[in-house]
There are 2 protein chains.
Amino acid sequence: MKTLKTLEPLTRRLLEIQRVNSAASVLSWDQETYMPAGGGAARAEQIATLQGIAHQKLVSLETERLLGGWLDLHTGLPLEQDGELWDESSRALLREVWRDYSRSKKLPSDFVMQLSRECSLAQQVWAEAKAQNNFKLFLPSLRTVLSLKREEAQFLGFTGSPYNALLDSYEPGSSVAALAPLFAQLKAHLIPLLTKIQQSRLQIDDSFLYDAYEQARQLEFGRLVLIAMGYDFEKGRLDLSAHPFTTSFHPTDVRVTTRVYEHDLPSCLFSCIHEGGHGLYDQGLDPAHYGTPLGDSVSLGIHESQSRMWENCVGRSRAFWRFFYPILQATFHHQLRAVNIDQFYTVINRVKPSLIRVEADELTYNLHIMLRFEIEQDLIEGNTNPDDLPAIWNSKMKQYLGVSPANDAEGVLQDVHWSMGGFGYFPTYTLGNLYAVQFYEQAKLEIPHLEDEIAAGQLMVLRRWLAQKIHRWGRMFPPEHLSQRVTGVSLSPEPFLRYIDRKYGELYHL
Amino acid sequence: MKTLKTLEPLTRRLLEIQRVNSAASVLSWDQETYMPAGGGAARAEQIATLQGIAHQKLVSLETERLLGGWLDLHTGLPLEQDGELWDESSRALLREVWRDYSRSKKLPSDFVMQLSRECSLAQQVWAEAKAQNNFKLFLPSLRTVLSLKREEAQFLGFTGSPYNALLDSYEPGSSVAALAPLFAQLKAHLIPLLTKIQQSRLQIDDSFLYDAYEQARQLEFGRLVLIAMGYDFEKGRLDLSAHPFTTSFHPTDVRVTTRVYEHDLPSCLFSCIHEGGHGLYDQGLDPAHYGTPLGDSVSLGIHESQSRMWENCVGRSRAFWRFFYPILQATFHHQLRAVNIDQFYTVINRVKPSLIRVEADELTYNLHIMLRFEIEQDLIEGNTNPDDLPAIWNSKMKQYLGVSPANDAEGVLQDVHWSMGGFGYFPTYTLGNLYAVQFYEQAKLEIPHLEDEIAAGQLMVLRRWLAQKIHRWGRMFPPEHLSQRVTGVSLSPEPFLRYIDRKYGELYHL
């Protein structure tokens with residue numbers, strides 16, 4: 001039987017490529033956290049150079065020689081003369097390496113470098129445009145990135161919409177055909193529920209969330225929760241950035257970031273828990289497989305399931321706050337002394353259609369995603385002129401959420417993703433929401449007294465379960481297969497909708 | 001006439017190589033500032049991979065094709081058939097590229113990667129050994145690095161001592177034969193002067209320097225001085241690290257670090273000024289030449305001349321403190337209210353043989369260097385067993401400085417350099433001291449009322465002069481030639497010794 005041992009010459013090559021990619025990630029992390037403003041242009045070129053090198057190495061004759069010894073480089077099928085059987089890990093490794101190889105092979109190295117460079121630059125322009133609340137400033141960069149991403153879709157090839165090529169980059173196997181009905185089902189359920197909630201007579205006063213909370217203490221509390229979750233600070237850090245994110249250079253060096261505002265308690269708090277969920281996944285990957293697909297996360301949807309599960313299923317649960325609220329209350333005694341745990345629970349779960357995706361409640365969050373899904377599909381298919389984006393954005397916000405941005409900074413400019421070239425990225429957030437609940441329901445079945453453990457601050461039990469069921473497997477199982485293995489069934493919106501109905505039914509006495 | 005334009009295909013290639021090297025520098029900076037402890041092993045491999053790639057690209061057939069079109073790759077001489085004349089910049093560029101190429105060509109890429117990896121790891125072991133005050137812990141790493149550096153000397157080739165091959169890496173053209181008489185002359189002058197000072201009846205009470213000084217305010221003051229020097233925070237940062245250093249990823253992104261102790265005012269203060277001097281050099285390099293030798297600093301000796309000039313000639317001068325002392329006094333009113341400017345000037349210039357190089361006064365500093373110069377020459381030549389280092393160190397400290405370390409942390413383990421493979425690096429500090437005074441004397445001749453300007457806080461006049469005379473030229477002129485251009489004469493210890501005699505003669509009433 002052939003095993004990973006057989007593939008060592010190939011995995012050594014992959015390891016070298018991954019080290020270059022990890023270096024590029026360090027440069028990106030630095031760009032978002034500590035880099036002085038003046039360094040941006042040079043940094044864009046440095047990252048592009050590294051990504052170009054990694055790309056060239058992946059599609060090089062040397063890699064082809066190593067990979068082509070085991071499978072047909074055009075089809076990815078095992079070579080016929082290869083009579084011996086491969087073990088499961090090796091089969092998975094070859095399947096996933098071929099996926100990466102064949103996608104990369106379709107992209108010229110020059111194109112990869114150009115895309116990298118333009119996205120680094122566009123990201124800096126976006127930040128400036130957002131700060132200045134000036135969409136026109138961002139428009140030329142957006143056009144450039146959009147045109148490159150449309151070109152990328154052509155290079156990659158697709159059936160149906162060119163948007164499918166990009167969706168598949170982030171969530172292997174996903175497509176408009178698969179997502180549209182899913183989103184329609186969610187919309188059909190959530191919009192009436194939202195109306196019902198808005199008609200409920202319950203008035204929730206959330207003003208205490210926006211009192212003054214000392215920033216250093218907010219960070220300290222965020223750090224405390226991360227430690228309780230099992231996020232290992234010997235192998236990670238928590239820093240500040242404009243847009244919270246998680247990045248990993250190796251399972252022994254995973255970085256999460258947050259932001260902190262004096263007059264916004266939930267922002268830092270839930271960012272920390274959310275990014276901590278991502279961080280646990282990256283710290284839970286098997287370091288022995290670093291550099292190969294078996295040491296890589298399986299998809300953005302699955303990654304997001306980890307962050308959303310921790311943020312929402314855990315971080316917005318009564319059980320979690322039974323342990324942590326007394327600590328939070330002691331930390332901010334002055335602001336919270338008159339707020340009891342039930343009030344706190346109610347307020348952090350209130351449904352309130354709002355302008356900003358990352359601050360949205362669990363119900364309206366998916367409406368934010370649908371709007372982006374529809375807009376980016378149209379952009380990539382060429383049905384929308386980028387000039388019209390602010391108007392389209394505002395009209396859809398009104399239609400789905402009943403709110404209107406006062407300006408583009410809190411409207412179409414709010415997210416970094418399009419500047420990074422992340423068209424096709426947003427839908428993975430909704431997939432993450434669905435997977436999160438599906439996995440969490442399973443965890444509750446399998447872990448004895450999970451919610452009691454959480455209520456006792458024992459978050460590690462969940463972390464261990466996730467590491468065992470999901471993290472350690474890397475890309476061994478594609479998302480759909482992983483869902484089957486973990487929960488016995490395919491991805492379905494039902495668990496999520498049941499969870500939402502139950503949670504908000506109780507909260508709003510529906 | 002052939003110009004830099006002619007060389008564009010070559011400089012494009014160099015630019016790509018430099019971007020990889022700059023990326024490696026970002027990874028090293030991160031390692032020393034923010035990297036979590038657990039990330040060290042993976043980081044060593046990532047840096048080694050980048051350095052291996054940069055090395056391979058520099059010695060590749062592609063680079064050889066581009067360079068070999070203009071000169072003989074074995075001798076570095078222009079090709080005979082090349083009748084046209086090159087302009088001065090192009091000649092310098094080819095000369096220096098060939099220097100880099102031919103040195104690199106002698107080193108196998110595997111060796112470069114191994115050296116990089118072992119040095120990253122040894123640096124981490126050194127930090128641990130120093131913290132634990134345990135030389136034996138560091139010994140195996142030291143042996144490994146030493147043996148690799150001896151191997152490197154063999155690869156590079158040398159005449160006389162193998163140590164010459166390493167000296168030349170840091171200071172082109174330097175050798176034991178050139179340095180030994182220089183150091184002997186310094187020693188012959190400085191040791192009797194030290195004795196005279198020690199016999200002087202002047203008692204200087206420096207205890208106020210070790211009162212409690214709030215760390216955040218120390219950093220704020222350091223930052224203020226950096227700004228006054230012209231260090232551009234739009235293109236730079238100030239961070240904390242165990243060992244202060246400066247690194248540059250591009251003239252638009254130069255990072256300096258310092259350390260700060262509550263009970264040690266001079267440490268953070270003079271580190272900031274010192275590293276700021278390095279930072280100004282790196283920010284003053286011509287960004288248009290980034291990636292080529294014309295956009296690179298000329299040698300470590302010249303680099304150190306910039307840091308030492310700012311630290312000592314400026315930062316320990318009466319003129320400087322005439323402007324800054326009132327600000328320092330206002331910042332630390334409680335600690336400094338009873339200390340007048342003359343007392344302060346005297347105390348920061350007191351001569352006191354001490355254990356730690358970086359805290360040494362201007363006179364004894366060079367004795368710290370001589371001791372290291374002698375020890376590392378013996379190590380590289382194989383005359384010393386690394387086991388014996390603590391004993392040798394302590395005995396030379398006693399002999400030259402009359403002091404004895406109580407432990408190895410404040411003795412042989414104090415410096416990071418050997419763990420980094422920096423054998424041959426230390427002598428450039430003394431060269432820097434000599435160049436610093438020689439350049440500064442020239443600045444005083446050429447800049448009208450320089451010391452009055454400094455006394456008015458107008459440090460920029462010096463910065464502009466240095467940028468014009470030194471920074472912007474990159475490696476256009478080798479160190480010796482640069483010295484001639486700037487001061488009209490070769491490097492000489494005379495200006496330094498005159499400066500020392502004058503400064504301490506006045507201070508100690510000799």
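This section describes the domains, the sheet and the chain symmetry of a predicted model.

Chain A is divided into two parts: domain 1 covers 4-157, and domain 2 covers 176-507. The C-alpha centres of domain 1 of chain A and domain 2 of chain A are 26 Å apart. Their contact draws 37 residues from domain 1 of chain A and 33 residues from domain 2 of chain A. On the domain 1 side, α1 (8-33), α4 (88-105), α5 (109-132) and α6 (135-156) of chain A each contribute at least two residues. The most comes from α6(A), which gives twelve residues to this side. Sorted by class, the side of domain 1 of chain A that touches domain 2 of chain A holds 21 nonpolar, ten polar and six charged residues.

An open sheet is also found in chain A. Three strands build this sheet, in the order β1-β3-β2 (chain A), with mixed pairing. The edges are taken by β1 (236-240) and β2 (246-250) of chain A. Each of these has a single partner strand, so one side of each is left without a neighbour in the sheet. On average, neighbouring strands of the sheet are turned by 20° against each other, direction ignored. Strands of a sheet pair through backbone hydrogen bonds, and the pairing may be parallel or antiparallel. In chain A, β2(A) and β3 (residues 253-258) run antiparallel and are joined by four bridges. Within this pairing, His250(A) stands opposite Asp253(A) of β3(A).

Helices pack on this sheet. One of them is α1(A), which touches β1, β2 and β3 of chain A. The direction of α1(A) makes about 145° with that of β2(A).

The relation between the two chains was examined next. Chain B is superposed on chain A by a rotation of 180° with 0.0 Å of shift along the axis, at an RMSD of 0.0 Å. The two copies are thus related as by a two-fold rotation axis. Among the residues of chain B, Ala23(B) comes closest to the rotation axis, with its C-alpha at 3.6 Å. Both copies use the same surface: 100% of the contact residues of chain B recur in chain A.

Terms used: Residues are numbered from 1 along each chain as its sequence is written. Chains are lettered from A and ligands numbered from 1 in the order in which they are written. This is a predicted model: local features need pLDDT of at least 70, side-chain atom pairs count only at pLDDT 80 or more; totals for chains, interfaces and linings use all residues. Domain bounds come from an automatic or database domain assignment. Two residues are in contact if their C-beta atoms, placed from the backbone, lie within 7 Å. Ala, Val, Leu, Ile, Met, Phe, Trp, Tyr, Cys and Pro count as nonpolar, Asp, Glu, Lys and Arg as charged, and the others, Gly among them, as polar. Two strands pair if DSSP finds at least two bridges between them. Axes are lines fitted to C-alpha atoms, for helices over the stretch in contact, and angles run from 0 to 180 degrees between N-to-C directions. Copies are superposed by least squares on the C-alpha atoms of residues with pLDDT of at least 70 in both.
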